[in-house]
Amino acid sequence: MAGGDVYEQIIDAANALYGSHPHSRALHAKGTWCAGTFTATAEAAELCRAAHFQGDPTPALIRFSNGSGDPESDDWQRDARGMAVRLRPSAGDEADILGVTTPVFVLRT
């Protein structure tokens with residue numbers, strides 16, 4: 001089975017659970033975007049050479065989301081939650097940090 005087939009199967013399974021919603025994601029369809037600034041401590045630069053750990057304020061784009069594939073889902077529903085952070089240092093080399101509130105994730109890597 002080719003890798004693309006697995007991804008299509010995951011999307012098909014999500015659409016079977018939540019329905020297909022044009023112009024929306026198959027999972028984590030409902031979310032809120034936020035913008036902010038991340039500034040690492042001086043100790044962070046001793047641990048990592050990544051641009052966003054060097055102490056300069058780094059623009060951050062954050063998205064909090066419900067796990068459902070239904071963009072009209074109610075927030076009270078018991079559902080996985082997600083948080084995605086994109087750090088955008090001025091020198092480039094963006095970094096993405098993703099987190100979900102599930103005990104397991106669908107992919108190993």
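Which residues does Gly-69 touch, not counting residues up to four places away in sequence? The first legend below gives the list.

The model is predicted, with local features needing pLDDT of at least 70 and side-chain atom pairs counting only at pLDDT 80 or more, while totals for chains, interfaces and linings use all residues. Residues are numbered from 1 along each chain as its sequence is written, and side-chain values use heavy atoms, with hydrogens and water left out.

View 1. Gly-69 touches Tyr-18, His-21, Arg-25, Ala-26, Leu-27, His-28 and Ala-29, not counting residues up to four places away in sequence; contact means heavy atoms within 4.5 Å. Gly-69 is placed in the loop between strand 2 and strand 3. Helices (H or I, at least four residues) and strands (E, at least two) are DSSP runs, numbered from the N terminus. Gly-69 counts as buried because its relative accessible area is 2%; buried means under 20% relative accessible area, exposed over 50%, and partly exposed in between (1.4 Å probe, protein chains only). With residues up to four places away in sequence left out, Ser-68 touches Tyr-18, Leu-27, His-28, Ala-29, Lys-30, Ser-73 and Asp-79.

View 2. His-23 is found in the loop that runs between helix 1 (3-18) and strand 1. With 87% relative accessibility, His-23 counts as exposed. The phi angle of His-23 is near 70°, a positive value in a residue other than glycine. His-28 lies in the loop between helix 1 and strand 1, and its phi is near 55°, again positive in a residue other than glycine.

View 3. Four strands form an open sheet in the order 1-2-3-4, with antiparallel pairing; two strands pair if DSSP finds at least two bridges between them. Strand 1 (31-38) and strand 4 (95-100) are the edge strands, each pairing on one side only. On average, neighbouring strands of this sheet are turned by 15° against each other, direction ignored; the axes are lines fitted to C-alpha atoms, for helices over the stretch in contact, and angles run from 0 to 180 degrees between N-to-C directions.

**View 4. Bridges made by strand 2.** Strand 1 and strand 2 run antiparallel and are joined by eight bridges. Ala-35 stands opposite Leu-61 in strand 2. Strand 2 also pairs with strand 3 in the antiparallel sense, over seven bridges. In strand 3, Arg-86 is the bridge partner of Leu-61, and Gly-82 is the residue that Ser-65 stands opposite.

**View 5. The largest nonpolar core.** Ala-60, Ile-62, Val-85, Leu-87 and Ala-95 are the five residues of the largest nonpolar core. Such a core is a set of buried Ala, Val, Leu, Ile, Met, Phe, Trp, Tyr and Cys residues joined through side-chain atoms within 4.5 Å. Strand 2 (58-66) and strand 3 (81-87) are the elements that give two or more residues to this core. Not counting residues up to four places away in sequence, Ala-60 touches Cys-34, Ala-35, Gly-36, Thr-37, Arg-86 and Leu-87.

**View 6. The largest pocket.** The space in the largest pocket is about 980 Å³. On a 1 Å grid over the protein atoms alone, a pocket is an open set of points with protein on both sides within 12 Å along at least five of seven lines, and lining residues have an atom within 4 Å of a point. Grid points are joined across faces, edges and corners, and the volume is the space filled by probe spheres set on the points. The lining has 30 residues, of which Arg-25, Leu-27, His-28, Val-100 and Phe-105 lie nearest the pocket centre. Helix 1, strand 2, strand 3 and strand 4 are the elements that give two or more residues to this lining.

View 7. Thr-41 lies in the loop between strand 1 and helix 2 and is partly exposed, with a relative accessible area of 48%. Thr-41 and Phe-53 are 7.5 Å apart in space, C-alpha to C-alpha, and 12 residues apart in sequence. Ala-44 belongs to helix 2 (residues 42-47) and counts as buried at 15% relative accessibility. Between Ala-44 and Gly-55 the C-alpha to C-alpha distance is 7.9 Å, at 11 residues apart in sequence.

Conventions. On a 1 Å grid over the protein atoms alone, a cavity is a set of points where a 1.4 Å probe fits but cannot get out, and a pocket is an open set with protein on both sides within 12 Å along at least five of seven lines; lining residues have an atom within 4 Å of a point.
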